[in-house]
Amino acid sequence: FDVIVVGGGINGMMVARELSADGVRVILLEHGEPGREASWAAGGILSPLNPWRSADAITALSLWSQDRFPALADALRRETGIDPGWIQSGLLLLGQSETSQAEDWAQRWGVVVERVSAAEIEELEPALNRFTCGGIRLPGVAQIRSPRLLMALSRSLVQHGVRVESHTRVLDLLIEKECIRGVCTDRGDFHADVVVVCAGAWTESLLGGLVQGGQMVPVRGQMLMIDAGPGLLKHILQMKGNYLIPRDDGRILVGSTVEFVGFDRS
């Protein structure tokens, strides 16, 4: 193989798809079922919830990605017959005290940010209780249906000739003369010219001291899904760190907890 991709979440699957589309021979290794860890449960908001708090590098990457998601969703739908559910629903942040920071950030990055009054919030989202304070609206923010996206990516990888090895746990990197030449797994060794690690919370245990930076740890989150009927809410809503994500079929995701409990999925 030319490239080994370690990790079968959204990032790993996208890397494998892009490389294979350029004629690169790719194998993807996943310790469970591809796409079934945190990626499957992601709410699918295609933006940081308070983007003006993000580092410039994160802002640049997220804006670049947002611009390309409509074409990606359309391509996957045409390739696989699975619609990933891209919708530009906008993001409405209620009771915000960071309006000036948001506007400064928006001007610097060329993003549309609107101040909205309590009366305008009531007009935008009639189903909400009345608010006495205003908020911020980012009309360009979109969402994706994460399970649909992952199912489409899985089918796309097969069509692109990517070899996918599920239930294959990567134990270590194969290093020869200070170069990474492949990986050691519980199913044997795999060799390639390049190894791309997209293992999420497992990355640190694999890379050890090879990468400098902050510690990467697993965080458990739990959400509710409500079948509220289509049209009740129009925007993704955020207030005090909590969010509501309305789907086009009437379901609403309510999120989420943040629990530092290690790799406990219970």
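Over how many bridges do strand β12 and strand β13 pair? Select residues 236-239 for β12 and residues 242-246 for β13: the two strands pair in the antiparallel sense over 3 bridges. This is a predicted model, in which local features need pLDDT of at least 70, side-chain atom pairs count only at pLDDT 80 or more, and totals for chains, interfaces and linings use all residues. Residues are numbered from 1 along each chain as its sequence is written, and side-chain values use heavy atoms, with hydrogens and water left out.

Strands here are DSSP runs (E, at least two residues), numbered from the N terminus, and two of them pair if DSSP finds at least two bridges between them. Within this pair, select leucine 237, whose bridge partner in β13 is leucine 244. Next, select lysine 240, which lies in the turn of the β12-β13 hairpin and has a positive phi of about 55 degrees. This hairpin has 2 residues between its strands.

Continue to β14, residues 251-255, which runs antiparallel to β13 and is joined to that strand by 4 bridges. Here tyrosine 243 stands opposite glycine 255. The hairpin of β13 and β14 has 4 residues between the strands, and glycine 250 takes a positive phi near 100 degrees.

Finally, turn to the open sheet of 3 strands, ordered β7-β8-β9 with antiparallel pairing. Its edge strands, each pairing on one side only, are β7 (170-176) and β9 (188-191). Select β8, residues 179-185: 6 bridges join β7 to this strand. Valine 170 stands opposite threonine 185 in β8.
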